[in-house]
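Let's walk through this one together, from the helices to the loops. Have the viewer open and follow along.

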Amino acid sequence: MVSSDLRATFESAVRSRREAVLQRLLVLGVVDDGAVARADLVASRTGQPLEQVLNQLGSLPDIDLVEVYAEVCGLETWLPAKEPVAIEVSQLGVSEDFLRRSRLLPLSQAGPTLRCAASDP
């Protein structure tokens, strides 16, 4: 069982990252306050992250969301045309269903390091 302190620390870090993503989107002018207000109504009802609601409502293009996620999280983006998947899921010892539910795509493995693409880092 995860301790409540650890859970609170994790949730605080996630909130902080999501706020940083939203602020970066606003600073870049990718979204405006009106779009954020509309998305916030939906997000409060559905429990979905605000930036994902902005994307689903068509106010935030996929590529802009990907680039800001990468920038805020300090991650690189994956371009399938330049780097095809180089690992078979059967080699990993996890089910495809688990990976789908976790929204992860294993890309490559080098020794003990498994590189994955994530839809919501």
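How many residues does α1 have, and how far does α1 reach from its first C-alpha to its last? α1 has 25 residues and reaches 36 Å, close to the 36 Å expected at 1.5 Å a residue. That expected span is 1.5 Å times one less than the number of residues in the helix.

Before going further, some ground rules. This is a predicted model, where local features need pLDDT of at least 70 and side-chain atom pairs count only at pLDDT 80 or more, while totals for chains, interfaces and linings use all residues. Residues are numbered from 1 along each chain as its sequence is written, and side-chain values use heavy atoms, with hydrogens and water left out.

Now the overall layout. The chain has 5 helices and 2 strands, and along the sequence they follow the pattern α-α-α-α-α-β-β. Helices (H or I, at least four residues) and strands (E, at least two) are DSSP runs, numbered from the N terminus. Along the principal axes, the C-alpha atoms fill a box of roughly 45 × 40 × 25 Å. The accessible surface comes to about 8500 Å², and 54% of it belongs to carbon and sulfur atoms; the areas come from the Shrake-Rupley method with a 1.4 Å probe, and for residues only the protein chains shown count as cover.

Of the 121 residues, 21% count as buried. Buried means under 20% relative accessible area, exposed means over 50%, and partly exposed is in between (1.4 Å probe, protein chains only). Take contacts between residues at least 6 apart in sequence: 42% of them join residues at least 24 apart. A contact here means heavy atoms within 4.5 Å.

So what sits inside? In soluble globular proteins, nonpolar side chains tend to be buried together. The largest nonpolar core in this chain has 15 residues, and Leu 25, Val 31, Val 36, Leu 50, Leu 54 and Leu 60 touch the most other members. At least two residues of this core come from each of α1 (4–28), α2 (33–46), α3 (50–56) and α4 (62–73), with α2 giving the most, 4 residues. By nonpolar core I mean a set of buried Ala, Val, Leu, Ile, Met, Phe, Trp, Tyr and Cys residues joined through side-chain atoms within 4.5 Å.

Leaving aside its neighbours within four places in sequence, Leu 54 is in contact with Leu 22, Val 31, Ala 35, Val 36, Ala 39, Ser 59 and Leu 60.

Back to the helices, one at a time. In α1, the buried residues are Val 21, Leu 22 and Leu 25, and they pack against α2, α3 and α4. Ala 20 also lies in α1, but Ala 20 is partly exposed, with a relative accessible area of 31%.

Next comes α2, with 14 residues and a reach of 20 Å from its first C-alpha to its last, close to the 20 Å expected at 1.5 Å a residue. Ala 35, Val 36, Ala 39 and Ala 43 are buried in α2, and their cover includes α1 and α3.

As for α4, its 12 residues reach 16 Å from first C-alpha to last, close to the 16 Å expected at 1.5 Å a residue. The buried residues of α4 are Leu 65, Val 68, Tyr 69, Ala 70 and Cys 73, and what covers them includes α1 and α3.

Finally, the loops. Gly 29, in the loop between α1 and α2, takes a positive phi of about 80 degrees just after α1. Gly 29 is exposed, with a relative accessible area of 54%. Just after α4, Gly 74 takes a positive phi of about 70 degrees.

Thr 77 lies in the loop between α4 and α5 and is partly exposed at 39% relative accessible area. Leaving aside its neighbours within four places in sequence, Thr 77 is in contact with Val 66 and Ala 70.

Which backbone angle deserves a look at Arg 103? Arg 103 has a positive phi of about 60 degrees although it is not a glycine. You'll find Arg 103 in the loop between α5 (96–102) and β1 (104–110), where Arg 103 counts as partly exposed at 45% relative accessibility.
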